[in-house]
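Subject: A structure for you to look through

Dear colleague,

I am handing over a structure, and below it you will find notes on what turned up in it. Please keep the viewer open while you read, so that you can look up each residue as it is named.

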Amino acid sequence: MFKKILIANRGEIALRVICACKELGIQTVVVYSEADRFSLPVRFADAAVCIGPPKSSESYLNVASIISAAEVTNAEAIHPGYGFLAENAAFAEVCEASKITFIGPRPDVMRLMGDKDKARKAMAQLGLPVLPGSDGVVQSETEAVEAAEKIGYPVMVKAAAGGGGRGMRVVPSKAELLPAVRTAQNEAAAAFGTPDVYLEKYISSPRHIEFQVLADQHGKVIHLGERECTIQRRHQKLLEESPSTQFNAALRKRMGHQVVEALKEIGYTNAGTVEFLMDEDRNLYFLEMNTRIQVEHPVTEMVTGLDLVKKQILIAAGEPLPIEGETVPMRGHSIECRICAENPETFAPSAGKITGFHVPGGTGVRVDTAAYAESIVPPYYDSLVAKLVVHGDDRAEAVSRMARALEMFIVEGISTSIPIHEKIMADPDFRAGKFDTRFLTRFVTNGGV
Ligand code: MV4
């Protein structure tokens, strides 16, 4: 087991990793930017190293500074959290070359999954269902036209290096195809440094469902069921839940088995998430795979009782997963609301000082946050202030528990997304489990997708 781990992240996830390390008896080092000097991760870690100015590019994305911090503190492993360097294969390679364990999958597997059209091809070959699409990246205008014809309109143009909704275009008919391809290529080149795009059949009001997996270094792969992440605004998830109202035990077992088999073939290790789109007939199609711990991992922890961050660390240290079969029992229902610092009208991030702060508690309530009264939400990073997570015996109990917990959550000094979450909890369609990716458009004039 590791004696000391460096955490290359900030905010609630840095604190989350510190919690796991403390319980495992592992020493922690956090790196921090000048904007995070008075943060809770800095306070609770055994050691903290300032790695640069507030801008991420000069601190949390600064590979050289992070590696030297690990070297001077004798950290044996690095936990990247989510965002920043978490899915950067080159960073994982630098760790390897520096004899530091990167807590995540191997760099080659990260690189494959980072290339969305290659990942799609690989997963299709391994038996996962995918939407009809082009055969890899489209190389010419003729190829794009022919592929779209074969798929049938509407189609979607997607950046190979994209993900999370960036560099995507919906194309209703042939007239719009080539302009959309060119725009997407330009966007992709600007955003990711490569213009590669591919085409896929467009599903108009899908649900977003993802499977959580864990894989050890001895060939054991398990799944921990699905999360429903359909309620999003501009590709930012607002809330997630597990299980999905659209799943039953048979569908979970069938899809979970397919996911487990595919990841065994790929040689996947550590925690990961396999994303699917679900159409109106409940068909599932592989979209992409995330090779990190995700923001919404707590809902899976609540229904499985497993500590996913501890599992990540144990797996990286070479421990076998002590689990029989392909999955674990799941109990009850969990929902997570992402409480963000944002202007309720414009949704622009609302940085500033939190003057009053009270977190709800009681049965079945968990709050993951690095905020406290008098703390400052810096303007440089994402606007997540807290994750409010509840567990109940069933979905109805989880919804009412979330509603009362939101009511008892006090954040003063900045505005947050708490009011929109309260509206969602009170919504009859949400309560009935009736929603798709356009759900939010009716709450907000400029939200939607
Ligand atoms: C799609 C799609 C429709 N058809 N792909 C958005 C995030 C990225 N991971 C994939 N996304 C989508 N891919 C096809 N072929 C619609 C979306 C999409 C979406 C998906 C899940 C949740 C919210 C969404 C909002 C807009 C678009």
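A residue is called buried when its relative accessible area is under 20%, exposed when that area is over 50%, and partly exposed in between. Please bear in mind from the start that this is a predicted model.

Aromatic rings

With that scale in hand, we can begin with Tyr-60, which counts as buried because its relative accessibility is 1%. How do the rings of Tyr-60 and Tyr-381 lie to each other, edge-to-face or stacked? Their centres are 5.6 Å apart and their planes stand at 80°, and planes over 60 degrees apart count as edge-to-face, so this pair is edge-to-face. Tyr-60 sits in the loop between β3 (47–52) and α3 (63–73), while Tyr-381 sits in the loop between β20 (376–377) and β21 (384–392), so the pair ties together parts that are 321 residues apart in sequence. The structure holds twelve aromatic pairs, and Tyr-60 and Tyr-381 also belong to one aromatic cluster together with Phe-84 and Tyr-380.

Most residues other than glycine have a negative phi, and most peptide bonds are trans. Phe-84, however, has a positive phi near 40° although it is not a glycine. This residue lies in the loop between β4 (77–79) and α4, and with a relative accessible area of 27% it is partly exposed.

Two other phenylalanine rings have an arginine over the face: Arg-207 lies over Phe-435, at 4.4 Å from the ring centre, and Arg-395 lies over Phe-430, at 4.6 Å from the ring centre.

Other backbone features

His-235 is likewise not a glycine and has a positive phi, of about 65°. It is found in the loop between β11 (232–233) and β12 (236–237), and its relative accessible area of 37% makes it partly exposed.

Where do cis peptide bonds occur? One joins Tyr-153 and Pro-154, with omega at about -5°, and Pro-154 is placed in the loop between α7 (141–151) and β6 (155–163). Another joins Ser-242 and Pro-243, again with omega at about -5°, and here Pro-243 lies in the loop between β13 (239–242) and α9 (249–266).

Cysteines

How many disulfides does a search of the whole structure find? The search finds zero. For Cys-229, the closest cysteine sulfur is that of Cys-337, and the two sulfurs are 13 Å apart, which is too far for a bond, since a disulfide needs the pair to be within 2.5 Å. Cys-340 is in no disulfide either, as the nearest cysteine sulfur, again that of Cys-337, is 10 Å away. Cys-229 counts as buried at 0% relative accessibility, and Cys-340 counts as buried at 14%.

Empty space

Rolling a probe the size of a water molecule over the atoms shows where empty space is left. The second largest pocket has a volume of about 280 Å³ and is lined by 15 residues, of which Thr-101, Phe-102, Gly-104, Arg-106 and Gln-217 lie nearest its centre. The elements that give two or more residues to this lining are α4 (89–97), β5 (101–102) and α11 (308–316), and the largest share, three residues, comes from α4. By class, the lining of this pocket divides into eight nonpolar, five polar and two charged residues.

A search for cavities of 30 Å³ or more finds one in the whole structure, and about 40 Å³ of space lies in the largest cavity. Among the residues that line this cavity are His-79, Pro-80, Phe-102, Gly-104, Arg-292 and Gln-312, and the lining as a whole has five nonpolar, five polar and one charged residues.

Helix α11, one of the elements that line the second largest pocket, is also the place of Ile-313. Ile-313 counts as buried, at 0% relative accessibility. Although Ile-313 and Phe-2 are 311 residues apart in sequence, they are 8.4 Å apart in space, C-alpha to C-alpha.

With best wishes

Definitions and conventions:
Residues are numbered from 1 along each chain as its sequence is written. This is a predicted model: local features need pLDDT of at least 70, side-chain atom pairs count only at pLDDT 80 or more; totals for chains, interfaces and linings use all residues. Side-chain values use heavy atoms; hydrogens and water are left out. On a 1 Å grid over the protein atoms alone, a cavity is a set of points where a 1.4 Å probe fits but cannot get out, and a pocket is an open set with protein on both sides within 12 Å along at least five of seven lines; lining residues have an atom within 4 Å of a point. Grid points are joined across faces, edges and corners, and a volume is the space filled by probe spheres set on the points. Helices (H or I, at least four residues) and strands (E, at least two) are DSSP runs, numbered from the N terminus. Ala, Val, Leu, Ile, Met, Phe, Trp, Tyr, Cys and Pro count as nonpolar, Asp, Glu, Lys and Arg as charged, and the others, Gly among them, as polar. Buried means under 20% relative accessible area, exposed over 50%, partly exposed in between (1.4 Å probe, protein chains only). Rings of Phe, Tyr and Trp (its six-membered ring) pair if their centres lie within 6.5 Å; planes under 30 degrees apart count as stacked, over 60 as edge-to-face and the rest as tilted. A charge sits over a ring if NZ of Lys or CZ of Arg is within 6 Å of the ring centre and within 35 degrees of the ring normal.
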